[in-house]
Amino acid sequence: MSEQFSRTELLIGKEGIEKLSKSHVAVFGIGGVGGYVVEALIRSGIGAIDIIDNDTVCESNINRQIYATTKTIGKNKVDVAKERILEINPNIKVKTFQMFFTPQTADEFDFSNYDYIVDAIDTVVGKLSLIEKAKEYEVPIICSMGAGNKLDPTKFEVADISKTSVCPLARVIRTELKKRKIKDVKVVYSKEPPIKPNSTLNSQTNKQTPGSIAFVPSVAGLIIAGEVIKDIISSN
């Protein structure tokens, strides 16, 4: 038994460790939520991971994103993430994609290689396209709904998209999936009503930027990682 994962093996057994070590997970979006998904998956012993994001680290990421520090500002998030991943587990297989996932870039990915897909991207179009691909290739997927403009991490729940409420993003995704006759999509969402962000700050930047805080997206990411791990170790 590897000492690195010995404490984990005490909980999930040798078979669970072996399943994780043989699993290939793709995480689309490695910001506030997705970065913590990756962190927990790596520390749990996932054997291969693809990370997909086109952003560079900026100063405003530091309040909530695990890859954002004063030393990483201006660097590609996927490059920073890969360096950290390999420092945690040098034996893992890491593939990076410096791009946003859209319907136009979907063909860049071989979805048949994945054992699980994590959707932590921001756009509705991208989320819907990713769900469609997961369903086409019969790969399990879990999707992050809105984590911005929230302050209460205890309000997150895991549910099928059809059972969601309150969350505006979940409402849009639910409606669009119904139009496409797509069912059975696991999501993590919050029942906390969105807080209206500071209008003065947004008016200064001419952007409708959502508010964020350190302990909300991180909790969503860890919940998602937990669902991925539990699903993988319970699979046949």
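**Pockets and a parallel strand pair**

In the predicted model, helix 1 (residues 6–21) supplies the largest share of the lining of the second largest pocket, namely six residues. The lining of this second largest pocket is made up of 17 residues, and those that lie nearest its centre are Ser2, Phe5, Ile17, Ser21 and Gly45. When the lining of the second largest pocket is sorted by class, eight residues are polar, six are nonpolar and three are charged. The volume of the second largest pocket is about 280 Å³.

For the largest pocket, a volume of about 1200 Å³ was computed. Its lining comprises 42 residues, with Arg64, Gln65, Asp122, Gly148 and Pro210 lying nearest the centre of the largest pocket. The lining of the largest pocket contains 17 nonpolar and 17 polar residues, and the remaining eight are charged.

Turning to the strands, strand 2 (residues 48–52) is paired with strand 3 (residues 93–97) in the parallel sense, and five bridges join the two. Within this pair, isoleucine 51 is placed opposite threonine 96 of strand 3.

Terms used:
Residues are numbered from 1 along each chain as its sequence is written. This is a predicted model: local features need pLDDT of at least 70, side-chain atom pairs count only at pLDDT 80 or more; totals for chains, interfaces and linings use all residues. Side-chain values use heavy atoms; hydrogens and water are left out. On a 1 Å grid over the protein atoms alone, a cavity is a set of points where a 1.4 Å probe fits but cannot get out, and a pocket is an open set with protein on both sides within 12 Å along at least five of seven lines; lining residues have an atom within 4 Å of a point. Grid points are joined across faces, edges and corners, and a volume is the space filled by probe spheres set on the points. Ala, Val, Leu, Ile, Met, Phe, Trp, Tyr, Cys and Pro count as nonpolar, Asp, Glu, Lys and Arg as charged, and the others, Gly among them, as polar. Helices (H or I, at least four residues) and strands (E, at least two) are DSSP runs, numbered from the N terminus. Two strands pair if DSSP finds at least two bridges between them.
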